[in-house]
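Biologist: I would like to go through a model and learn how to read its features one by one. Please show it first.

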Amino acid sequence: MPNTSLEILLVDDDASIRRATGKVLKSLGYKNVYLAENGREAFDSLKRRRVDLVLSDMNVPEMSGMELLRSIRNDEDLRDTRFIFISADENPARIEVAFKAGADGYVFKPFEAEELHKTILELFP
């Protein structure tokens, strides 16, 4: 059973992917899902409302997912926020850089709901 009180920020520039992933999260029991269409909007949102988990595409405009992750890890108030990439980018070198920068997980698009759920539950048992 998931921790349904988790606050999750979902970042993707594709509105249909945001909606679909948001529906998947809600179907898994996560009630508090917030959406952002780019990294800058996500970071500004995090400064106003702390969340437990950020789910971000690697390639989003204005501030890439990697830049967003680094900004979070460099911010004293946000650095402990859990961060999972959801991306179609399967380049091993970029994935390694993501983990070295502080990513807590990486899920490949397209993904199955259970795969995403399992990754979240590893961080929030």
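Biologist: What percentage of the residues in the chain is buried?

Modeller: This is a predicted model, so every value here is computed from predicted coordinates. Buried residues account for 48% of the 125 residues in the chain. The cut-off for buried is under 20% relative accessible area.

Biologist: How many helices and strands does the chain have, and in what order do the elements run?

Modeller: There are 5 helices and 5 strands. Read from the N terminus, the order is β-α-β-α-β-α-β-α-β-α. The radius of gyration is 13 Å, close to the 14 Å given by the globule rule for 125 residues, so the chain is as compact as a globular protein of that length. Along the principal axes, the C-alpha atoms fill a box of roughly 30 × 30 × 30 Å.

Biologist: Among contacts between residues at least 6 apart in sequence, what percentage joins residues at least 24 apart?

Modeller: The share is 64%. H117 and T21 are 96 residues apart in sequence, while their C-alpha atoms are 11 Å apart in space. H117 counts as buried because its relative accessibility is 11%.

Biologist: What about the surface and the charges?

Modeller: The accessible surface comes to about 6500 Å², and 47% of that belongs to carbon and sulfur atoms.

Biologist: Now single residues. Is K109 buried or exposed?

Modeller: K109 has 16% relative accessibility, so it counts as buried. Its place is the loop between β5 (105-108) and α5 (113-123).

Biologist: Which side chains make polar contacts with the side chain of K109?

Modeller: One is that of D12, at 2.6 Å. Another is that of D57, at 3.4 Å. Leaving out residues up to four places away in sequence, K109 touches D12, I17, D57, I86, S87 and A88.

Biologist: What is the phi of E62, and where is E62 placed?

Modeller: Phi of E62 is near 70 degrees, a positive value in a residue other than glycine. E62 belongs to the loop between β3 (53-56) and α3. With 64% relative accessibility, E62 counts as exposed; the cut-off for exposed is over 50%.

Biologist: What lies 2.8 Å from a polar atom of the T81 side chain?

Modeller: The backbone oxygen of L78 does.

Biologist: Which residues is T81 in contact with, leaving aside neighbours within four places in sequence?

Modeller: The residues are V51, D52, L53, V54, I72, R73 and D104. Among them, L53 falls within the range of β3 (53-56), and I72 and R73 fall within that of α3 (65-73).

Definitions and conventions: Residues numbered from 1 in each chain as written. Predicted model: local features only at pLDDT ≥ 70, side-chain atom pairs only at ≥ 80, totals over all residues. Heavy atoms only, no water. Helix = DSSP H or I, 4+ residues; strand = E, 2+ residues; numbered from the N terminus. Rg over C-alpha atoms; globule rule 2.2 N^0.38 Å. Buried < 20%, exposed > 50% of the residue type's maximum accessible area, 1.4 Å probe, protein only. Contact = heavy atoms within 4.5 Å. Areas by Shrake-Rupley, 256 points an atom, 1.4 Å probe, with all protein chains shown as cover. Polar contact = N/O pair within 3.5 Å; in protein donor to acceptor, adjacent residues only side chain to side chain.
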